[in-house]
Amino acid sequence: MANSKVTYTADGTTQVFAVTFPFISRSHVSITVNGSAATFTWNSDSEINITSPTIVSADKVIIKRVTSLTTRLVDYVDGSNLSESDLDLDSKQAFYLAQESIDDGDSHLALDLSGADSWDGLSKKITDVATPTATTDVSNKAYVDAQIDTSTTNADNAAASATAAATSASNASTTETNVTNITGSIAWKYTFDSSTTMADPGTGEVRFDNATLGSVANMAFDALTADNNDISDLIASIDDGTNNSHEGFVTVRKSGAPSTFAVYAVTGAITDSTGWLQVPVTHISSGGTFSNADIIYVGMTRSGNLGATGATGATGPTGATGSVGATGPTGPTGSTGPTGATGPTGATGPTGEATIGDIIALG
């Protein structure tokens, strides 16, 4: 039991409280309500009336004696008479100070009486603890609550992040599936084989006959794609068109690296070797370098057939007559032709006068 203080838990119906300990002077008595100094008046040496603050239920009221620790109440002077009252007053001051010290000690932290190397809080709260800064500092409730709130927030954020990550992963998986489906509709998934030997490259693989993309003249395709789709008939059909000088195109792109690509024109008959196909090509454009085991996507397009011969156009108008050329040299005389038939005898002409010769002849 305390010797120099009394503690009340107010019921909210009274402002009057008893002072249960002796004191030298009323000025040595202090009162706090919930840890703050209160204003009060004396009804008697054993009773006070708190004027401020207004006491409400559950308020903690502490009435405490605080004997002067710095001012001596009795000053002894040489040659003076010692009186009982002076001696009593002096000893009371020392006695009351000792009681107050013991009471303060009883209400403070103390070493554990069991001998353990620890402090005993006497089942009391520790108040006015500052925010800790060092790893060995004690923590106050506000700090702990803040850490719990932070941890809870972090946990909530982590849970939200985990949920978001799971959603993102699911969305990514869906996107990947969609992209694969879309890509599969325009290109076929293969694995690149860096060997340059024109032979069956292996299931789901493609190889070139030259390590330099610009020098590739033949490509070897396995009949099966990396997804185990048999597209041998599709590959073999590229050269089925009638445009023999340009059968179609083959485009190869590296997955995840669109700047690594190669485009070739199919320029000859494709050889189907049952299980793999060899495609003759001519380099058109390329970029980057393919490495063994790269995932690639191959697109194939066939050139259109030659068009039908168009109808013969209308005959154009006759051109203007050219100028007369110079007379050529006279040719050689031809051979004499055969004698013609004797013509009919002409009419007898009139009788002429007889000549002397005719007369003589007629004689």
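Student: Which strand is joined to β3 by five bridges?

Tutor: First the idea: two strands pair if DSSP finds at least two bridges between them, and strands (E, at least two residues) and helices (H or I, at least four) are DSSP runs, numbered from the N terminus. Here, β3 (residues 29–33) is joined by five bridges to β7 (residues 60–65), and the two run antiparallel. Across that pair, valine 33 stands opposite valine 61 in β7. By the way, this is a predicted model, where local features need pLDDT of at least 70, side-chain atom pairs count only at pLDDT 80 or more, and totals for chains, interfaces and linings use all residues. Residues are numbered from 1 along each chain as its sequence is written, and side-chain values use heavy atoms, leaving out hydrogens and water.

Student: What is the strand order in the open sheet?

Tutor: It goes β1-β7-β3-β4, with antiparallel pairing. β1 (5–9) and β4 (36–37) are at the edges with a single partner strand each, so one side of each has no neighbour in the sheet.

Student: How many residues are in the largest nonpolar core?

Tutor: In soluble globular proteins, nonpolar side chains tend to be buried together. A nonpolar core is a set of buried Ala, Val, Leu, Ile, Met, Phe, Trp, Tyr and Cys residues joined through side-chain atoms within 4.5 Å. The largest one here has 24 residues, and Phe208, Met219 and Phe221 have the most contacts inside it. A second, separate core of 16 residues includes Phe23 and Ile50.

Student: Is threonine 260 buried or exposed?

Tutor: Buried means under 20% relative accessible area, exposed over 50%, partly exposed in between (1.4 Å probe, protein chains only). Threonine 260 has 9%, so it counts as buried.
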